[in-house]
Amino acid sequence: MIDINLLREDSKAIANLLKERGFDLDIKKYESLEKDRKVIQVKTQELQGQRNQFSKNIGIEKGKGKDASDLMAQVNIIAETLKELESQLAIIQTSLNQFLLNIPNIPHDSVPNGSSEKDNLIVKEFGKPQNFSFEIKDHVDVGLNHGLDFELGSKLSGARFVVMKGGIAKLHRAIGQLMLDVQTQEHDYEECYTPYLVNEESLIGTGQLPKFSEDLFKTSKGDDDSLYLIPTGEVPLTNFVRDRVIEESDLPLKFTAHTPCFRSEAGSYGKDTRGMIRQHQFDKVEMVQISHPDSSYKVLDEMVVHAENILKKLELPYRVVSLCKGDMGFGAAKTFDIEVWLPSQNTYREISSISNCEDFQARRLKARYKDADGKNKFLHTLNGSGLAVGRTLVAILENYQQENGDIIIPKALVSYMGGRSKLTSS
């Protein structure tokens with residue numbers, strides 16, 4: 001969440017910054033809550049002062065051997081009033097906290113202005129899309145004879161699910177393994193295995209709750225014990241530091257995990273209904289870094305390179321774009337997307353999103369580090385895909401398709417495929 005002190009200093013300035021990313025801050029609601037909080041705190045401080053004075057007078061009267069029962073009665077009345085004010089303040093603080101939880105992060109100064117993906121800034125490009133001498137097929141048609149089965153996925157679970165068999169299933173597994181090996185062996189991330197079900201606190205910590213509950217799959221176990229399927233490996237990995245104070249010398253922390261991800265796609269009705277681009281269940285290798293605030297933008301640039309290296313090894317054309325203010329995710333202060341070329345769509349599509357959340361998640365998580373002076377300060381958290389496995393499979397199927405229906409295996413994956421250099425059309 002954003003620092004409430006920023007609102008207290010200049011709520012209108014913060015409202016203007018948030019408006020640039022398409023969020024209208026309810027200043028009147030904030031000011032009303034803040035006014036109520038101040039009134040109660042002033043009353044509390046006044047009564048605490050009176051109680052202290054009465055308590056002092058009680059001591060004086062008793063020291064003189066006099067009856068102090070009237071003063072003691074006054075202290076009891078004040079104590080009851082303070083208890084009631086404390087209850088009122090807790091309600092207001094809860095309302096303030098809920099108000100803050102629904103406010104997105106403030107964009108970094110370097111983020112491009114704009115309201116949609118059309119305003120994103122292309123930062124770099126790698127490779128050139130090839131010219132095919134035959135009619136291009138999309139990954140659905142290419143994969144049809146290699147074990148990519150959308151009908152069976154739909155039969156088992158409904159729309160936006162797929163079954164993979166044979167060579168396609170092995171290729172999918174090989175892609176994830178390559179990604180893990182690169183991130184752990186070349187970029188020094190610690191490989192982790194995490195739960196795929198998390199509690200509400202974890203999702204509040206990374207920003208999916210309370211605002212995006214409709215995008216989540218919720219399970220239940222008994223009346224009160226609900227868990228959520230993770231929408232991304234970012235959730236469990238980032239929550240490793242929830243309610244913790246990290247030694248400054250241990251930073252940065254670097255975690256990676258290959259997990260399934262589950263999303264209801266509630267806000268994407270009608271988009272990418274064909275194929276694997278937008279599924280309810282997909283795999284992703286996630287990168288998370290927990291950084292010192294002074295280093296987080298250097299770390300962001302490094303993480304972009306870490307994701308790029310996968311596409312370079314696979315020799316897939318891609319580009320890096322800096323997202324504009326209106327196209328960034330809720331918790332991000334700055335985001336770079338990596339987009340891979342898909343021949344069937346004649347365009348680039350997102351395959352990785354790498355974000356610096358600064359201290360936005362850390363405030364929700366109460367994740368801090370101890371500085372050289374022994375003071376606890378909020379960490380910066382960063383996350384990114386390294387990469388989305390299913391979309392990488394899509395890109396390979398389309399970019400490496402052959403006229404006869406075969407699929408060439410990228411050289412970087414041949415060893416993971418047991419030496420197999422292509423999938424032969426059946």
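**From the chain to single residues**

Trainee: What share of the residues in the chain is buried?
Mentor: This is a predicted model. The chain has 12 helices and 18 strands, and its C-alpha trace spans about 105 × 45 × 40 Å along the principal axes. Of the 426 residues, the share counted as buried is 50%.

Trainee: Among contacts with a separation of 6 or more, what part comes from residues 24 or more positions apart?
Mentor: The count takes contacts in the chain with a separation of 6 or more. The part that joins residues 24 or more positions apart is 72%.

Trainee: At what angle do α6 and α11 pack?
Mentor: Helix α6 covers residues 166-186 and helix α11 covers residues 389-399. Their axes lie 10 Å apart, and α6 passes α11 in a right-handed crossing. The packing angle is about 120°.

Trainee: How many charged residues are in the contact of α6 with α11?
Mentor: From α6 come I168, L171, H172, I175, G176 and M179; they meet V389, G390, T392, L393, I396 and L397 of α11. By class, the contact has eight nonpolar and four polar residues. The number of charged residues is given as no charged residues.

Trainee: How many residues of α11 are buried?
Mentor: Helix α11 is mostly covered. Its buried residues include R391 and E398, along with V394, A395 and N399.

Trainee: Which residues touch the most other members of the largest nonpolar core?
Mentor: This core has 48 residues. A second, separate core of 27 residues includes L18, F23, L85 and I103. In the largest core, the residues touching the most other members are L171, I175, L311, L316, I338, I396 and L413.

Trainee: Which residues does L316 touch, not counting residues up to four places away in sequence?
Mentor: L316 is one of the residues touching the most other members of the largest core. With residues up to four places away in sequence set aside, L316 touches F126, L311, V340, A395, I396, N399 and Y400.

Trainee: Is E308 buried or exposed?
Mentor: E308 lies in helix α9, residues 296-314. The cut-off for buried is under 20% relative accessible area. E308 has a relative accessible area of 2%, so E308 is buried.

Trainee: With which side chain does the side chain of E308 make a polar contact?
Mentor: Leaving aside neighbours within four places in sequence, E308 is in contact with K124, Y318, V320 and I338. The polar contact is at 2.5 Å, and the partner is the side chain of Y318.

Trainee: How far apart in space are V198 and M328, C-alpha to C-alpha?
Mentor: V198 sits in strand β5, residues 197-198, and counts as buried at 7% relative accessibility. Leaving aside neighbours within four places in sequence, V198 is in contact with L203, L227, Y228, I230 and V235. V198 and M328 are 130 residues apart in sequence, and their C-alpha separation is 24 Å.

Trainee: What is the relative accessible area of S385?
Mentor: S385 is found in strand β16, residues 380-388. Leaving aside neighbours within four places in sequence, S385 is in contact with K284, V285, E286, M287, A307, I351, S352 and S353. S385 is buried, with a relative accessible area of 9%.

Trainee: Is E358 buried or exposed?
Mentor: E358 lies in the loop between β13 and α10 and has a positive phi near 50°. The cut-off for buried is under 20%. At 19% relative accessibility, E358 therefore counts as buried.

Trainee: What is the phi of K366?
Mentor: K366 lies in the loop between α10 and β14 and counts as partly exposed at 48% relative accessibility. K366 is not a glycine, yet its phi is positive, at about 55°.

Conventions:
Residues numbered from 1 in each chain as written. Predicted model: local features only at pLDDT ≥ 70, side-chain atom pairs only at ≥ 80, totals over all residues. Heavy atoms only, no water. Axes fitted to C-alpha atoms, helices over the stretch in contact; angles between N-to-C directions. Helix = DSSP H or I, 4+ residues; strand = E, 2+ residues; numbered from the N terminus. Left-handed = near helix turned anticlockwise from the far one by under 90°. Contact = heavy atoms within 4.5 Å. Nonpolar A, V, L, I, M, F, W, Y, C, P; charged D, E, K, R; others polar. Buried < 20%, exposed > 50% of the residue type's maximum accessible area, 1.4 Å probe, protein only. Polar contact = N/O pair within 3.5 Å; in protein donor to acceptor, adjacent residues only side chain to side chain. Core = buried A, V, L, I, M, F, W, Y, C linked by side-chain atoms within 4.5 Å.
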